[in-house]
Amino acid sequence: MFLYNTVCEVVLYDYSGDVTGVLDACEQRSLDIQNMLNRYDNRSELSRLNQNYCPKVPYPLSKELFFLLQSVWRFSRLCDGAFDATVGKLVGLWDFTAEDPAVPREKEIESSLAACGYQKVDFWETDYSVIIQVPGMEIDGGGFGKGYAIGQVLQVLQKAGVSSALINYGGNMFLLGENPEGTGKEGWRVGIQAPWEEKGKCLASLCFSNLGIATSAGYERYFRKEGKAYWHILDPVRGRPADTGIKSVSIISDNPLITDLMSTAFFVLGLEKGEEVARRLRDYVVLEYVAQTEEKLILSEGAKIWNQYGG
Ligand code: ADP
Ligand code: MG
């Protein structure tokens, strides 16, 4: 499937049930989520919220979008706003995918920042509405849509009794069950691309199962101006590409949404704060990481055990 502006695939192994039926259900679920979140489609529910809300007035949402945004906001609070889905206006200003992108002026960044900030949104569970305090805010699903979709597809697969499958949404993955090509013990092998190096060169090669992995890095979506690279992950406070010395970070977790959110957050937080937030999250989910900084490669304890290249 081509969804979320990337290639998405679901591969089933050793499944004797209705393969077409299951894959169709995965596709439909993914499409529904894209239709809810797509910022390039004016009719998506998220676009309609962005276009039609009035500041300080409750705006009712579908239950699904309400609870999804509420989870994302909980995460934003937990990581002190390093992940902030309200950066849409800034993402538009930087326009990393434009033909000829330019570095915005400080004035433009400042005025866009006024329309950002997760603290400027309140949630009203009684009628599933949100109240946005400021005009011009644009909520961006780019940092959490794929992770949410993977979690939903995983549920489709599990309900259908699929025991072994690969879900790969543009490099954001979940590996269900045991490695179909292995003896059932060693897990799936996942290579992590070395950032800014030739394709195929790996930082680490991890073996695990029943977990997801997502990577955030600057090397895939960026532009260069006067020798400096500007990538698509923003520091929501400064309104500029996050630059904490992390070149690439991969998060491994059993929760696909957290995997996606945390990869972006860790990139913004940098190593020390990222590790601290990872420790907090471990009370709730599996959370391991492989982080490459300017100076060193750091693997969390679990990732060291899974790494075929040694810890
Ligand atoms: P990708 O989508 O390329 O796999 P990420 O999961 O890291 O990478 O998400 C990056 C996308 O999230 C950006 O393209 C942008 O739309 C949005 N974004 C950028 N910075 C932030 C941020 N600090 N918090 C939340 N979303 C962000
Ligand atoms: Mg992410």
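Contact means heavy atoms within 4.5 Å. This is a predicted model, in which local features need pLDDT of at least 70, side-chain atom pairs count only at pLDDT 80 or more, and totals for chains, interfaces and linings use all residues. Residues are numbered from 1 along each chain as its sequence is written, and side-chain values use heavy atoms, with hydrogens and water left out.

**View 1. Surroundings of L157.** L157 touches V10, L12, V22, C26, V162, A165, I167 and L176. Residues up to four places away in sequence are not counted.

**View 2. The largest nonpolar core.** A nonpolar core is a set of buried Ala, Val, Leu, Ile, Met, Phe, Trp, Tyr and Cys residues joined through side-chain atoms within 4.5 Å. Buried means under 20% relative accessible area (1.4 Å probe, protein chains only). This core has 73 residues. L49, F144, L157 and M262 have the most contacts inside it. Helix α7 (residues 256-269) gives the largest share, nine residues. Helices are DSSP runs (H or I, at least four residues), numbered from the N terminus. A second, separate core has 18 residues, including W188, V190, L206 and I213.

**View 3. Helices α7 and α8.** Helix α8 covers residues 271-281. The two helices pack at an angle of about 150°, with axes 7 Å apart. Axes are lines fitted to C-alpha atoms over the stretch in contact, and angles run from 0 to 180 degrees between N-to-C directions. α7 and α8 are therefore roughly antiparallel (angles over 145 degrees). On the α7 side, I258, M262, F266 and L269 make the contact. Their partners in α8 are L271, K273, G274, E275, V277, A278 and L281.

Notes. Chains are lettered from A and ligands numbered from 1 in the order in which they are written. Buried means under 20% relative accessible area, exposed over 50%, partly exposed in between (1.4 Å probe, protein chains only). Angles under 35 degrees count as roughly parallel, over 145 as roughly antiparallel, 65 to 115 as roughly perpendicular and the rest as oblique.
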